[in-house]
Amino acid sequence: MTGNMDDSLADIPSFDVVVCGSGAAGLLAAIRLADQGLKPLVIEKSARYGGTSAISGGGIWVPAHGLTDDGDSYEQAMTYLRAVSRGDVREEKLAAYLAGGSETVSYLGEIGVGMTASPAIPDYIDAPGARSGRSLFPLAIDGSQLGEDFYRLREAPETYRLFGRIAMNLDEGLVLAMQRRGWIGTVVRLLAGYWSDLGWRRKTRIDRRLTMGRA
């Protein structure tokens with residue numbers, strides 16, 4: 001009987017770390033663990049991966065991210081964090097967050113997840129050190145790179161898609177929602193890109209272009 005138990009245990013794959021959830025944080029943690037030579041296991045309760053990240057804008061808040069030369073600084077960001085946390089967060093935690101923010105953005109770029117700053121979005125709270133341009137969003141990527149995994153990625157809400165099927169990034173969505181200057185041209189460009197992709201449309205009606213949280 002002991003021998004049978006040993007045989008069954010031998011079939012169980014080994015892993016070093018269990019990551020609960022396949023959203024942006026979970027998948028990034030798993031990738032980083034793998035890069036460090038560890039064997040992560042990602043578990044997901046849903047039939048599709050992507051978590052709540054896939055149905056969100058996919059934005060992250062990173063001061064002094066280094067993507068643009070906008071004059072933001074560690075000192076200004078720390079002033080803001082001290083003001084909004086009101087002493088409820090240890091100083092070393094705030095410092096660690098700021099120190100690791102730009103490194104994380106650089107690492108995302110290295111693994112193929114480029115980020116872009118949105119100058120139009122201000123900080124969440126009006127406080128000393130607040131400014132715009134700290135909210136970052138993923139650049140669009142070609143979903144065909146995922147192979148069959150594309151069809152297992154959680155779909156974005158229809159409000160994030162033109163006519164329920166054409167992906168939009170944050171800027172495109174805002175232009176259309178507010179009918180800003182050039183919104184008609186944006187619609188034409190998105191439609192042209194989608195309908196000209198005949199090979200992909202034979203596979204699925206969903207745009208292969210991945211934006212916001214799905215990216």
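How do the residues of the lining of the largest pocket divide into nonpolar, polar and charged? That was my opening question for this notebook, and I kept in mind that I was looking at a predicted model.

**Entry 1: the largest pocket**

I looked up the classes and found 24 nonpolar residues, 13 polar and one charged in the lining of the largest pocket. Next I asked for the volume, and the largest pocket holds about 980 Å³ of space. I then checked who sits closest to its centre: of the 38 lining residues, these are Ala24, Leu27, Leu28, Val113 and Ala215. I also wanted to know which elements take part. Helix H2 (24-35), strand S3 (60-61) and helix H4 (91-110) each give at least two residues to this lining. H2 supplies the largest share, with six residues.

**Entry 2: the second largest pocket**

I moved on to the second largest pocket, which has about 170 Å³ of space. I noted its lining residues, among them Thr116, Phe137, Leu139, Asp171, Arg209 and Met212. Strand S4 (115-117), strand S5 (135-138) and H5 are the elements that contribute two or more residues here. I sorted this lining by class too, and I got seven nonpolar, three polar and two charged residues.

**Entry 3: helix H6**

Now for a helix. I picked H6, which runs over residues 183-195 and has 13 residues. I compared its reach with what is expected: from first C-alpha to last, H6 covers 18 Å, close to the 18 Å expected at 1.5 Å a residue.

Which residues of H6 are buried? I found Thr186, Val187, Leu190 and Tyr194. They lie on the same side of H6, because they cover an arc of only 100° around the axis. On the other side of H6, I found Ile184 and Val188 exposed.

What covers the buried residues of H6? My list includes strand S7 (161-162), strand S8 (166-167) and helix H5 (170-177). Helix H7 (198-201) and strand S9 (209-210) belong to that cover as well. I was pleased to meet H5 again, as it also gives residues to the lining of the second largest pocket.

**Entry 4: Gly182**

Last, I stepped into the loop between H5 and H6, where Gly182 lies. I looked up its relative accessible area, which is 42%, so Gly182 is partly exposed. I also checked how far Gly182 is from Leu139: the two are 43 residues apart along the chain, and their C-alpha atoms are separated by 20 Å. Leu139 was already in my notes as one of the residues that line the second largest pocket.

Notes. Residues are numbered from 1 along each chain as its sequence is written. This is a predicted model: local features need pLDDT of at least 70, side-chain atom pairs count only at pLDDT 80 or more; totals for chains, interfaces and linings use all residues. Side-chain values use heavy atoms; hydrogens and water are left out. Helices (H or I, at least four residues) and strands (E, at least two) are DSSP runs, numbered from the N terminus. The expected span of a helix is 1.5 Å times one less than its number of residues. Buried means under 20% relative accessible area, exposed over 50%, partly exposed in between (1.4 Å probe, protein chains only). The arc is that of the directions from the helix axis to the C-beta atoms. Contact means heavy atoms within 4.5 Å. On a 1 Å grid over the protein atoms alone, a cavity is a set of points where a 1.4 Å probe fits but cannot get out, and a pocket is an open set with protein on both sides within 12 Å along at least five of seven lines; lining residues have an atom within 4 Å of a point. Grid points are joined across faces, edges and corners, and a volume is the space filled by probe spheres set on the points. Ala, Val, Leu, Ile, Met, Phe, Trp, Tyr, Cys and Pro count as nonpolar, Asp, Glu, Lys and Arg as charged, and the others, Gly among them, as polar.
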